[in-house]
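Hello,

Here is the structure I promised to pass on to you. Please open it alongside this message, and my notes follow below.

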Amino acid sequence: MNPDLQKERAGASFNPELLTNVLDGSPENTRRRREIENLILNDPDFQHENLNFLSRSQRYEVAVKKSAIMVQKMRKFGIADPAEIMWFKKLHLVNFVEPVGLNYSMFIPTLLNQGTTAQQEKWLHSSKGLEIIGTYAQTEMGHGTHLRGLETTATYDPETQEFILNSPTVTSIKWWPGGLGKTSNHAIVLAQLFTQGKCYGLHAFIVPIRELGTHKPLPGITVGDIGPKFGYDEMDNGYLKMDNYRIPRENMLMKHAQVKPDGTYVKPLNNKLTYGTMVFIRSFLVGESARSLSKACTIAVRYSAVRHQSEINPGEPEPQILDYQTQQYKLFPLLATAYAFQFVGAYMKETYLRINEDIGHGDLSELPELHALTAGLKAFTSWTTNTAIEACRMACGGHGYSHCSGLPNIYVTFTPTCTFEGDNTVMMLQTARFLMKSYDQVHSGKLVCGMVSYLNDLPSQRIQPQQVAVWPTMVDINSPDSLTEAYKLRAARLVEIAAKNLQTEVIHRKSKEVAWNLTSIDLVRASEAHCHYVVVKLFTEKVLQIQEKSIQAVLRRLCLLYSLYGISQNAGDFLQGSIMTESQITQVNGRIKELLTAIRPDAVALVDAFDFQDVTLGSVLGRYDGNVYENLFEWAKKSPLNKTEVHESYKHLKSLQSKL
Amino acid sequence: MEGNPVHRVSAGDAWSSSMHPDIESERHSQSFNVEELTNILDGGAQNTALRRKVESIIHSEPELSLKDNYFMTQNERYEAAIKKKFHILMLAQRLGWSEGSSELQYASRSVSGDLGFAIHHIFQKTIRSLGSEEQIAKWDPLCSKFQILGTYAQTELGHGTYLQGLETEATYDAATQEFVVHSPTMTAIKWWPGDLGRSATHALVQAQLICSGARQGMHAFIVPIRSLDDHSPLPGITIGDIGPKMDFEHTDNGFLKLDHVRIPRENMLNRFAQVLPDGTYVKLGVPKSNYLSMVVVRVDILLGEVLPLLQKACTIAVRYAVIRRQSRLRPSDPEAKVLDYQTQQQKLFPPLAMAYAFHFVANNLLEFFHHSYSFILDGDFALLPELHALSAGLKAMLSDFCTQGVEQCRRACGGHGYSKLSGLPSLLTRVTASCTYEGENTVLYLQTARFLIKSYLNTQKSPGSALKGSLPQSVAYLTAPDLARCPAQTAADFLQPELYTTAWAHVAVRLIKDSVHHLQTLRQAGADEHDAWNQTTVIHVQATKAHLYYVTVKIFTEALEKLESQPAIHQVLKRLSDLYALHGILTNAGDFLHDGFLSGAQIDMARKAYLDLLPFIRKDAILLTDAFDFTDQCLNSALGCYDGHAYERLFQWAQKSPTNTEGNPAYEKYIRPLLQGRRARL
């Protein structure tokens, strides 16, 4: 063990194990998670060469191999609970990227949600056993988040009772679906349905794409890998072009809408329930933000405790870089953010499960707010995390740029979260739509409930019978509750500004859509402020629930730091809204620096509590034992460029010298 | 040669004869002459012509194509970069392009600097600035003829920006008149130098000089590391590549462990210090002179490496944003170009404005560098502190902002920005390295901060005395009269360069004063000098950033004054200058509101002025990126091509990926057995 880390761990004010239990939900969860992780760590079948030294095609091969053995291993280990499956996958896949993954995460669920009983009987068994491998093909080269813009067509031919699938333009080629390029032999394709000369909008079709036995593309199908990407080397994201490709009528998923043999279209019953899947995935992504940021913080904080640089006092040995105020200021607010997002992620998961149960009982009342909240929080947490991972990487200096740090990999794996499952800007605007609706509702005299209930207290709402709180309130910068109030006021103010600007534009432009576009920057600001408030509120509430005093104390410091740092970074909003005074902002900045000093002794224990295995971190800099430099040297020696002592390109140099 | 589409578009593509109508319509009515703006950026029409001539030569050589870069492994990238360098040198010899000529610079630009031996030139430049005349006479021709290949070995496994912390030792042995160069610990292993891993035969090693038993600090030594016969490592040398990185795969960043390696006394660079045969140490310059080579590199990389990456990213993202259509602005309209969305403009135009602002900033710095460098080489170091502070600060600021800008452009391209074929991931991984190489940015900001504090304290020492007039020009504003309140009364007032430059000056001065005040308060409370400094570094960085923003706003507005004779271009660039200044004010609104310099109402005015600029810039956006005049080959992006046929290129290019052309071994090994179950049952 590196002596610096040993010293850090001995000096912590709390037992990280207790905090780990809080993050896992209970000591029992922690125990079971570790048990599963150890099964993988001790299994020789999961060992492979360091991915950083492999080519893209080799990395894909490793991932396919792992997918192939995973199914049988889970069966063998008796892992069936969804949370346990996730622990299992998280550790053994490291990046959570698997070519066969979409078969389970999209193909099978879609079949279950949209297929008839007969269709499920036909396809479910074979896809569960991986006798067929499916993927889900929605996005096209020219079309993403805006679903209605998709161009792929499925035209019904009553004579043969088949659908004819076509990609009529270059922009209509299916592009990006995971596992499509090389792995899958079936795809659920989203296409515009045409029957009896009329377009009925998007529907889902099961399309065989590769021949069983040879794995060759079927006639009429052009399929392949979309080429190298920023990350996701293990994944064969693919393209799919269809030319007059025929599939039987029964391959349209017909649980909701149907096409009769004669071509008659039968409309689906109202189905708001497809919302559910999106809400689930987006709330899951909030948790992903937390996990990715926690990993990055673990690496950067440990390395900062091991790395020594320059001097604070001349003549003394070089200090740990974690002792520099600038380094603390870079990392501790991110560490606080990681904890904030951990708790928000857990809250989203619970809320989803609770509301999902309500939906099961036919109660859809909370769905609109949940939908708006998940959209906004997915965007808010992923944008923040995206920037924060990069900040952690840069805080590791030059070595952060090497793949040995593991940070480039965490970044490139995480960053697509900002654009997939709904582009973040579009997500923020969806939340804004909900905020504007709520604002209008309050304005017309109706109270709103849930996270937006603060809109009921807007000073402009004169119709309110009760006395409204005096604005501004006095903010106590040492009280998380009081800071939550300050964030609430900021959100209320920015929502109101956006709403008023929107109204003004509507009057001027006479078109709601144009007015919306010309207010969209304000609208995104309002959504961000709303989400920021929600995060502060949830973090504050979580801290109060913690029983153990030492844990509560350290989390309270992080919660304060998170809240104060946000105020400092957005001081303009708080000053302009007269929510805080100049001297309070000065106090906030001073208090932040005190908190940095207070958190410093616990920093390493705080990242230890995330309890990541070294394998999961994939980082030489972030090793638990802190033996960074020796292992960095060993790691480098394994690099492909070092396979020979004199590189083959020496011949170019020789010939250059002879010619100049 | 005119800037016609034929020049810009890759030859041989089926689409190059036609323009995508969505991009053609953008070029239809031109509010300014794009060619004239290109000439301004190139520094004259004759430069534009020369650059294009070089580019067309380079692009006609298939050996210099970048097209397969995204498909290559690290080994292949490295070999390709060496091959390209070799090829360009042969071209240079044939066409008479001399070393350091514009032609060679343009050649390097047109292959995006994807060449081997980049550090070889830094090795050579450092010898020229730190070596004596005899040393230059001996080594320089060897470098020029590539008889030796050099690298510059400064950073170590455990040590980076902080020079004094380096552990490598060079101990003088008077008996043999040799230095013994040695890596005493694991952390002393040289780590990161480019060209070191596989290529270099000689390294310029920065090491602690020990002579006559005394430590004399860092000095530079020429150390032979590989055999000139068979390229094998010399005795006592352990050397290799440091392994895969985010980018710079074409460069063999390396490690070097020295085990008591002996070199002759003459191999210490001795323009500013030397060791006499008996071991006596003689100083010939100020200690700062060692920093000189770092200053040279920092100035060089801004124009040569960092800025073009942002300009390319803007070109790609803006062009793609007029091709990409998404959703509808009105229910009855066709899907809108994404560039028509206000949120998209908010993402792309601030980086575009920076791409122009930084062009003028980097050129201004280069001029100042040339001006001061001639004095310094003659032993007059008066301008060195300012040059050092300005180059350190601007390197940090430009690399930070360019990195954020490139990433913003990448993300503004949605999913396709994640594909390497967009060109954007490579631009990002390349530019982001500049935040930590050649001085970690936080450390650099703090170096500038020290200069600012010193300058500020100078103004306090002798109020009213002649000293005030002698403040270095970049900090002269510290003594300028200052307003307590901003006089703006309307949104339009915020479009006056004088007004926003003054606003930035006000905030910078306030923050510098504030940071000095904090420092002094801590000192008076009994904190020791160094702890007090550490406890105030966060605000020093904040103050320095405000200072640098002020400097860049000022340089940009001054550069525009010189363009008043070209009103159309002046108008379009002034909008960018306005946007640049206002974007900074709005993202740092708290600093402007803090002491009431701006009121809440004024912030709203500034925001209105800012939002009103977006639609104006919108209609010139394509032209503004066209003016950077990157060829398609140089952009190497499926999304950013001049003719706008993004989707066709993306589809065709993807099909050439090795994953599609080289078979699928994973199928035979794993997928087929997986699928066996079904066949058995059939």
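Ala305(A) counts as buried, with a relative accessibility of 0%, which sits under the 20% cut-off for that class. Please keep in mind throughout that this is a predicted model. Ala305(A) belongs to helix α8 of chain A, which covers residues 275-306.

Next, have a look at a pair of helices in chain A. Two packed helices are described by the angle between their axes and the distance between the axes. For helix α9 (residues 325-360) and helix α10 (residues 367-395) of chain A, the axes come within 10 Å and cross at roughly 155 degrees. An angle over 145 degrees counts as roughly antiparallel, and α9(A) and α10(A) are therefore roughly antiparallel to each other. Their crossing is left-handed. Sorted by class, the residues in the contact of α9(A) with α10(A) are 17 nonpolar, seven polar and one charged.

Searching the whole structure turns up six cavities of 30 Å³ or more. The second largest cavity holds about 50 Å³ of space. Which residues line the second largest cavity? From chain A they are His647(A), Ser649(A), Tyr650(A) and Leu653(A), and from chain B they are Tyr78(B), Ile82(B), Phe117(B), Arg198(B), Ser199(B) and His231(B). Two elements give two or more residues to this lining: α22 (650-659) of chain A and α5 (74-95) of chain B. By class, the lining of the second largest cavity is made up of five nonpolar, four polar and one charged residues.

Asp195(B) is not a glycine, yet it has a positive phi of about 70 degrees. You will find Asp195(B) in the loop of chain B between β4 (190-191) and β5 (202-211). Is Asp195(B) buried or exposed? At 3% relative accessibility, Asp195(B) counts as buried. In chain A, Asp611(A) also has a positive phi, near 60 degrees, in a residue other than glycine. Asp611(A) is in the loop between α19 (603-608) and α20 (614-617) of chain A.

Do write back with any questions.

Best wishes

Notes:
Residues are numbered from 1 along each chain as its sequence is written. Chains are lettered from A and ligands numbered from 1 in the order in which they are written. This is a predicted model: local features need pLDDT of at least 70, side-chain atom pairs count only at pLDDT 80 or more; totals for chains, interfaces and linings use all residues. Side-chain values use heavy atoms; hydrogens and water are left out. Axes are lines fitted to C-alpha atoms, for helices over the stretch in contact, and angles run from 0 to 180 degrees between N-to-C directions. Helices (H or I, at least four residues) and strands (E, at least two) are DSSP runs, numbered from the N terminus. Angles under 35 degrees count as roughly parallel, over 145 as roughly antiparallel, 65 to 115 as roughly perpendicular and the rest as oblique. A crossing is left-handed if the near helix is turned anticlockwise from the far one by less than a right angle, and right-handed if clockwise. Ala, Val, Leu, Ile, Met, Phe, Trp, Tyr, Cys and Pro count as nonpolar, Asp, Glu, Lys and Arg as charged, and the others, Gly among them, as polar. On a 1 Å grid over the protein atoms alone, a cavity is a set of points where a 1.4 Å probe fits but cannot get out, and a pocket is an open set with protein on both sides within 12 Å along at least five of seven lines; lining residues have an atom within 4 Å of a point. Grid points are joined across faces, edges and corners, and a volume is the space filled by probe spheres set on the points. Buried means under 20% relative accessible area, exposed over 50%, partly exposed in between (1.4 Å probe, protein chains only).
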